[in-house]
Amino acid sequence: MSVDTTAAEQKSLFTPFNIIAGIILVAGLIVTVMRFTGGLGAVTNLDQNNPWGIWIGFDLMCGVALAAGGYTTSAACYIFGLKKFHAAVRPAILTAFLGYALVVFALAYDVGRPWRLPYPLFVQQGTTSLLFEVGLCVMLYLTVLAIEFSPAALEWLGLKKIRNVVVKLTLALTIFGVVLSTLHQSSLGALFTIAPSKLHPLWYSQYLPVFFFVSSICAGLSMVIFEGTLSHKPMHHMMDKEYLDNHDGLILGFGKAASIVLFGYFSIKLIGLAYDNNWHYLTTGYGAWYLVEMLGFVAMPSFLYAIGVRDRNLTVIKWAAGLTVLGIIVNRFNISMVAFNYHLDSADRYFPSWGEITISLFVVTLGVVIFRFITTRMPVFFEHPDYKGEH
Amino acid sequence: MLRRTFLGLLGAAGASAALPTAAVAGTKKFGPHPDTQAVLFDATRCIGCRKCELACNEVNQLPAPEKKFDDLSVLDTKRRTDEKTYTVVNKYKGTNGPVFRKSQCNHCLEPACASACFVKAFKKEPNGVVSYDASVCVGCRYCMVACPFEIPAYEYDEPITPRVVKCTLCAPRLAEGKLPGCVERCPKEALTFGPRDEIIKIARARITQYPDRYVDHVYGEHEMGGTSWMYISGESFSDIGMREDLGTASAPELTAGALAAVPMVVGLWPVLLGGIWAVSQRKDKIANEERVMAVKDALAKAADEAEKTLHEQLNKAEMASNRRIEVEVKKAVEEALAPKEEEAENTEEES
Amino acid sequence: MEFFNLQDYYTFTKGVVYLLMGGILVGATLYWQFLLGGNKKDD
C-alpha cells in the first residue's frame with residue numbers, strides 16, 4: 001500500500017471524482033422527485049410513437065449486455081477449468097451484480113407503476129411475452145449473482161460457516177447463471193422480433209436472439225478487460241499478488257477469446273443479411289451506418305484483438321476492448337432507438353431529454369461509487385487472509 | 001444440434017406465416033371465435049365530418065380537446081391517437097379530391113399487444129373486443145412497441161396511475177346491445193357493425209357490385225393474422241396512410257421461434273456445461289497424475305544416474321588402487337631383484 | 001379445451017413449459033448429485 005499522500009489529502013472527501021459524482025447524485029435526486037411527482041412526461045421525451053428511450057436502450061439493454069462479464073468469467077474459471085482467471089471472478093461477479101441491481105433500479109424509473117413490477121411473477125403471468133421471460137430470468141439471475149457474491153461479504157463479516165456452505169454451491173450457481181444469462185441476453189433481442197414493421201431490415205432478423213447472446217459474450221469479455229484496466233490504478237492498493245500476477249495473462253487470454261467470438265458474431269450477422277436478402281439496403285444512409293457498426297465496431301476490434309494477442313501487446317488489446325464496449329452500446333442504441341421507428345418522419349423521432357440523461361448518469365455513478373465502496377473493504381481484489389488458497 | 005432445432009422452429013414459424021387462413025402453430029389451426037364481431041370502414045363514404053370522434057369523446061367521457069370537433073382545419077395535419085383521443089380521422093389527397101380515413105384500435109384476432117404483455121393485461125374477448133385491464137398493468141409500454149398500427153397511447157403525465165389507452169369497441173355499450181358510439185353517429189354509414197364473417201361478406205359484395213369504385217382488397221381480413229376492424233377503399237391503402245407491408249404473420253407467430261428456443265436452452269445447457277466441466281475435471285486429473293508420474297520418473301532417473309555415477313566412481317577407485325598396488329609390487333620386485341643381479345655380476349667378474 | 005386464437009393457445013402451452021423448466025432445473029441438480037454420488041474409486 002503506497003503512502004505517498006499526506007494525511008490531510010487522505011482524509012479529504014473532495015477529490016475531483018467525488019465532486020463530480022456528488023453533483024450527479026444530487027441532480028439525480030432532484031430529477032427523481034420530478035419523475036415521481038410529475039410523471040414520465042415531466043422528465044422524459046417519450047411520446048406515443050416512442051414509448052422506449054435511453055432508460056430502456058441504455059440502462060436496460062446496455063446495462064445487461066455489459067454485465068455479461070459475470071457469467072463469462074465464472075464459466076471460464078469454474079466450468080472450463082481455466083484456473084488462471086480465478087482472481088478475476090470476484091470483480092466480474094460484483095460488476096455483474098451491481099449492473100443487474102441497477103438495471104432493476106433504473107426500471108423503477110421507466111415503468112409507469114414500479115411497485116407492480118412483481119405482478120408478472122406473482123399475479124398474472126403473460127407467458128407469451130418475451131418480456132416475461134426477460135423479467136423472470138433477470139430476477140432469478142440477480143438472486144444467483146447475490147449468492148455468488150455473498151462469500152466476499154461473508155468473509156468480510158467473518159461468518160465462516162455460512163461462507164463455506166455457499167462456496168460449495170459455486171458450480172451449480174455458475175451453470176445456472178450461464179443458463180439464465182443465455183436466456184435473458186437472447187430474449188432482450190427477441191423483444192424486437194414482434195415488430196418487424198418498425199425496425200429497419202438491416203437490424204431486424206429472426207436471429208436477433210442469437211445476435212444478442214453472442215454479442216453479450218463479446219461484451220462480457222471486453223468489459224472485464226476494460227474495467228480491469230480502468231480500476232488498475234485507483235484500486236491498485238487493494239489488489240493482491242495473485243490478482244496482479246495474473247492481470248496480464250487475463251488480458252491476453254480474454255483478448256484471444258474476444259477476437260474469435262467477435263469473428264463469429266460478424267459471421268452470423270453476415271448470414272443474417274444473406275438469409276433476408278438485405279444486401280441492397282447497404283447502399284442507403286442506414287446502410288452506411290450499419291457498415292460503420294459492423295466494420296468499425298465488430299470487425300476492427302476483432303482484428304485489433306488478434307494483433308494485440310499475436311504481438312503480446314497489451315495496450316492494443318485494451319483499446320480493442322474499449323472499442324468493443326462502445327460497439328455494443330452502438331448496437332443496442334441502434335436496435336432500440338436508431339433503427340427502431342426508422343419509418344417515421346424525422347420530426348417524430350426520439351432524442352433523450354436532460355432528465356433522462358441525468359438519471360442514466362445517476363445510475364452509472366451510483367454503480368461506480370458502490371463498487372468503490374465494496375472493493376475498498378471486502379475481499380474482491382484480494383484474498384481474505386483467513387481463506388487464502390481456498391478456491 | 002441446438003441450432004438445427006432452433007432453425008427448425010423458425011422454419012415452422014415461417015411456414016405457418018405463409019398460410020392464408022387462420023393462425024397456425026405447426027399444423028394446428030385456430031379460427032376466430034364464432035361470436036367475433038367486426039366493424040367495416042368504407043373510405044368511399046367517409047366525408048371527414050369528425051362526428052365519430054365527437055361521439056367517442058362523449059361516450060368515453062374524455063376531456064374536451066383544444067379545437068372543437070367541428071373544426072375541420074384540424075384535418076390539415078396528420079394526427080394519431082393519444083391518451084385523450086381514442087380515434088382520429090385524417091385527410092389524404094385522393095385522385096378526385098380529399099379522402100378520409102378513421103384510425104383506431106383494430107381489435108386484431110391475434111393482438112400484438114396481448115402477445116407482448118407480460119402481465120396479460122390485454123385479452124381478445126369472444127365478442128371481438130380487445131380489452132385492457134388497468135388493474136394489473138405495470139406500465140412497461142411494450143404493447144406500444146408491439147402494435148404494428150401504432151395505436152396504444154400512454155398517460156405520461158399521470159405520476160401515480162398512468163394507463164395505456166385505446167379504443168374499447170365500446171364494450172359496455174355492446175353489452176347493452178347498442179352499437180359502438182362512432183358507428184351509431186356516422187351520418188354517411190361509413191361504419192358498419194356486425195359479425196365478422198358477415199362484415200367480410202358485405203365488404204366483398206360492395207367491391208363486386210362496384211368494381212370501379214373500390215380497390216379489390218379488404219384490409220384487415222388477413223393483415224397481422226386478421227383484424228376485427230376492416231377497411232375498403234377507393235384509393236390504394238398506402239395513399240390513405242395504411243401500411244401495406246405488414247404481412248399476414250401475427251405477433252404470436254413472429255415470436256414463436258424465439259419463445260420455442262427458451263426451454264431447449266434450459267433442457268440442454270446444464271447437460272452441455274456439466275459435460276464440459278466433467279471433461280475439464282478429467283483433464284485436470286490426468287494432467288495432475290502425469291505431473292506426479294513425471295516427478296516420480298525424474299526422481300527415479302536421478303536416483304539411477306546417481307547410482308550409475310557412484311558405481312563408476314567406485315570402479316575407477318578400485319582400478320586406481322589396483323594399479324597402485326601393481327606399481328608397488330613391481331617396484332618391490334625390482335628392488336628385490338636388483339641386488340641379486342649386482343651379486344651375479346660381481347661373481348662373474350671374480351672367476 | 002378449445003382455443004380460438006394462437007394467443008390463447010400459446011398462453012396455455014408456454015405456461016406449462018415454464019413450469020416444466022423449473023422442474024427440469026431442480027431435477028437436473030438432483031440427478032447430477034445422484035450421478036456423481038457413489039463409490040469415488042475409479043479402478
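**Close-up views of a predicted three-chain model**

**View 1. Confidence along chain B of the predicted model.** Chain B has an average pLDDT of 91, and 91% of its residues reach at least 70. Residues 1-22 of chain B fall below 50. That stretch still makes 29 contacts in the model beyond near neighbours in sequence. Where pLDDT is low, the predicted coordinates should not be read in detail.

**View 2. The interface of chain A and chain B.** Here 66 residues of chain A are in contact with 60 residues of chain B. About 5200 Å² is buried between the two chains, with carbon and sulfur atoms giving 62% of that area. On the chain A side, Gln48(A), Arg113(A) and Ile194(A) lose the most area to chain B. Together these three residues account for 16% of what that side buries.

**View 3. Polar contacts and salt bridges between chain A and chain B.** Counting pairs with both residues at pLDDT 80 or more, 34 residue pairs are in polar contact across this interface. Two salt bridges are found between chain A and chain B. Lys83(A) and Asp284(B) join their side chains in a salt bridge, at 3.3 Å from N to O.

**View 4. The largest nonpolar core.** This core holds 182 residues. Those with the most contacts inside it are Leu191(A), Phe192(A) and Leu199(A) from chain A, and Tyr142(B) and Trp229(B) from chain B. In soluble globular proteins, nonpolar side chains tend to be buried together.

**View 5. The surroundings of Tyr142(B).** Leaving out residues up to four places away in sequence, Tyr142(B) touches Trp52(A), Ser129(A), Leu130(A), Leu131(A), Ala190(A), Leu191(A) and Ile194(A) in chain A. In chain B, Tyr142(B) touches Ala116(B).

**View 6. The interface of chain C and chain A.** Eight residues of chain C are in contact with seven residues of chain A. The area buried between them is about 670 Å², and carbon and sulfur atoms give 74% of that area. By class, the chain C side that touches chain A has four nonpolar, three polar and one charged residues. Two residue pairs are in polar contact between chain C and chain A, both at pLDDT 80 or more. The count of salt bridges between chain C and chain A is zero.

Conventions
Residues are numbered from 1 along each chain as its sequence is written. Chains are lettered from A and ligands numbered from 1 in the order in which they are written. Side-chain values use heavy atoms; hydrogens and water are left out. Contact means heavy atoms within 4.5 Å. Buried area is the accessible area (1.4 Å probe) that two parts lose on being put together, summed over both. A salt bridge is a side-chain nitrogen of Lys or Arg within 4 Å of a carboxyl oxygen of Asp or Glu. A polar contact is a pair of N or O atoms within 3.5 Å; within protein, one must be able to donate a hydrogen and the other to accept it, and residues adjacent in sequence count only if both atoms are side-chain atoms. Ala, Val, Leu, Ile, Met, Phe, Trp, Tyr, Cys and Pro count as nonpolar, Asp, Glu, Lys and Arg as charged, and the others, Gly among them, as polar. A nonpolar core is a set of buried Ala, Val, Leu, Ile, Met, Phe, Trp, Tyr and Cys residues joined through side-chain atoms within 4.5 Å. Buried means under 20% relative accessible area, exposed over 50%, partly exposed in between (1.4 Å probe, protein chains only). pLDDT is the predictor's confidence in each residue, from 0 to 100.
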